[in-house]
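Me: I'd like to learn how to read charges and surfaces in a protein model. Can you walk me through it?

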Amino acid sequence: MNRELMSHKSLSKRLADEGNIRQKLSIEKTTLESKLKGIEETLSTRDESISKLARDKKQLEDRLKDTSSALEEEEDKGKSLMKQKVKMESVVSELEDKLQKEEKAHEDLDKQRRKLENLVHTLQDNVNDKENRVLELQNSLDKTMEDVARLTLKSEDDASAGATWTRSCMRCETIY
């Protein structure tokens with residue numbers, strides 16, 4: 001009878017301990033799930049940022065292409081004007097006024113070309129900045145994904161350990 005009472009107390013203590021462990025595991029599971037949700041929200045936000053940066057990059061590339069085309073057109077116009085200038089030099093006496101106008105037009109084209117070159121340079125810098133930002137975000141995303149994988153594996157390991165412990169307790173109960 002004394003032995004049965006001790007066994008009963010021992011089993012009651014074990015059940016209480018198991019309940020405490022289950023409660024701790026449940027709290028830890030809830031905490032891990034909360035962290036995982038936060039990480040998933042962060043990933044979602046970063047994915048949106050990456051998508052926006054990709055769209056911005058595409059827009060900048062399109063603008064750069066358009067600007068380059070406009071620059072080529074302006075350069076072609078400049079070459080054409082230079083040919084006209086050579087032809088006009090043969091009739092300088094008659095066309096001095098027109099020559100001065102052509103020189104002014106040429107200066108305007110140079111100003112526009114310099115402005116376009118500055119714009120191209122600025123746009124290229126912006127594209128480079130966006131590419132660097134995309135790389136930074138990709139690296140951050142990769143690190144976050146590793147953290148998620150590590151936490152998932154830890155959670156699975158903890159669940160497996162809890163299941164093993166439960167089976168051990170059940171075996172002990174059947175033995176006693």
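Me: Where is E75 found?

Reply: E75 sits in helix α1, which covers residues 2-89. Keep in mind that this is a predicted model.

Me: What about E18, buried or exposed?

Reply: Buried means under 20% relative accessible area. E18 has 6%, so it is buried. Leaving out residues up to four places away in sequence, E18 touches W165, T166, C169 and E173.

Me: How do I read a salt bridge?

Reply: Side chains of opposite charge can pair when their charged atoms come close. Here, the side chains of D17 and K13 meet in a salt bridge at 3.4 Å, N to O. Both lie in helix α1, four residues apart, about one turn of the helix. D17 is partly exposed at 32%, while K13 is exposed at 54%.

Me: What links R133 and E136?

Reply: A salt bridge again, 3.6 Å from N to O. R133 and E136 are both in helix α2 (residues 92-175), three residues apart.

Me: How many salt bridges does the structure hold?

Reply: There are 15. E28, K154 and D158 are even linked in a network of salt bridges.

Key:
Residues numbered from 1 in each chain as written. Predicted model: local features only at pLDDT ≥ 70, side-chain atom pairs only at ≥ 80, totals over all residues. Heavy atoms only, no water. Helix = DSSP H or I, 4+ residues; strand = E, 2+ residues; numbered from the N terminus. Buried < 20%, exposed > 50% of the residue type's maximum accessible area, 1.4 Å probe, protein only. Contact = heavy atoms within 4.5 Å. Salt bridge = Lys/Arg side-chain N within 4 Å of Asp/Glu carboxyl O.
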